[in-house]
Amino acid sequence: MFFLSFLKSVKTNSSFTDAAMGRIAQGTKVLAEGGYERVFRQTFETVPKEQLLNSFACYLSTSAGPVMGVLYVSTAKLAYCSDNPLSYKNGSQTEWNLYKVVIPFHQLRAINPSSSKINPAEKYIQVICVDSHEFWFMGFLNYNGAVTCLQEASQLHGTLSM
């Protein structure tokens, strides 16, 4: 039920212009910081010989609503980082942190690309971990590229069903 209301929120509260402006700002940041590979290595811990395969601009579904960011696919993991910090309460103080998700490939059970039955143009990717925790990614600028990259990465590890 939450997921359906989230889709409505993305559809009614976000505009293509807002998304495009966010992507331009994010692209400018990536260029200034030396590219996606460098941003990935600065943002996440990496293991020796780990290589970034690709990165994809998208939204992550959260209990607070959609969060714009980048999904990174490396030879060792899936990693997501929000474009902007999110606020949360710590006691009486408001704190700000980037929203990050890191899923090593050995912790993945399934990656399921799908689309809305009502509106097939609304496409998303469900990621299920071995502990049954689910993550929903959507709003990809390059959905087909993301699906292909995830399929190829899952074949490398041989542990995922799609």
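The legends below describe several close-up views of a predicted model. Residues are numbered from 1 along each chain as its sequence is written, and side-chain values use heavy atoms, with hydrogens and water left out. Because the model is predicted, local features need pLDDT of at least 70 and side-chain atom pairs count only at pLDDT 80 or more, while totals for chains, interfaces and linings use all residues.

View 1. Seven strands form an open sheet in the order β6-β3-β2-β1-β9-β8-β7, with antiparallel pairing; helices (H or I, at least four residues) and strands (E, at least two) are DSSP runs, numbered from the N terminus, and two strands pair if DSSP finds at least two bridges between them. The edge strands are β6 (100–104) and β7, each of which pairs on one side only. Neighbouring strands of this sheet are turned by 30° against each other on average, direction ignored, where axes are lines fitted to C-alpha atoms, for helices over the stretch in contact, and angles run from 0 to 180 degrees between N-to-C directions. Helix α3 (residues 36–43) packs on the sheet, touching β1, β2, β3 and β6, and its direction makes about 105° with that of β2; contact here means heavy atoms within 4.5 Å. Within the sheet, β1 and β9 pair in the antiparallel sense over two bridges, and Tyr59 stands opposite Met138 in β9.

**View 2. Helix α4 and its buried side.** Helix α4 (residues 143–157) has 15 residues and reaches 21 Å from its first C-alpha to its last, close to the 21 Å expected at 1.5 Å a residue, the expected span being 1.5 Å times one less than the number of residues. Its buried residues are Tyr143, Ala146, Val147, Cys149, Leu150, Ala153 and Ser154. They cover an arc of only 165° around the axis, which puts them on the same side of α4; the arc is that of the directions from the helix axis to the C-beta atoms. On the other side of α4, Asn144, Gln155 and Leu156 are exposed. Buried means under 20% relative accessible area, exposed over 50%, and partly exposed in between (1.4 Å probe, protein chains only). The buried residues of α4 pack against β1 (52–62), β2 (65–74), β3 (77–82), β7 (108–115) and β8, and just after the helix Gly158 takes a positive phi of about 60°.

**View 3. The β4–β5 hairpin.** Strand β4 (residues 86–90) and strand β5 (residues 93–97) run antiparallel and are joined by five bridges. Ser87 has Trp96 in β5 as its bridge partner. The two strands form a hairpin with two residues between them, and Gly91 in the turn has a positive phi of about 70°.

**View 4. The loop between β8 and β9.** Asp131 lies in the loop between β8 (123–129) and β9 (134–138) and, at 58% relative accessibility, counts as exposed. The side chain of Asp131 reaches the backbone nitrogen of His133 at 3.0 Å. The C-alpha atoms of Asp131 and Arg109, 22 residues apart along the chain, are separated by 8.5 Å.

View 5. Lys49 is found in the loop between α3 and β1, where its phi is near 70°, a positive value in a residue other than glycine. Lys49 is exposed, with a relative accessible area of 79%.

Methods. A polar contact is a pair of N or O atoms within 3.5 Å; within protein, one must be able to donate a hydrogen and the other to accept it, and residues adjacent in sequence count only if both atoms are side-chain atoms.
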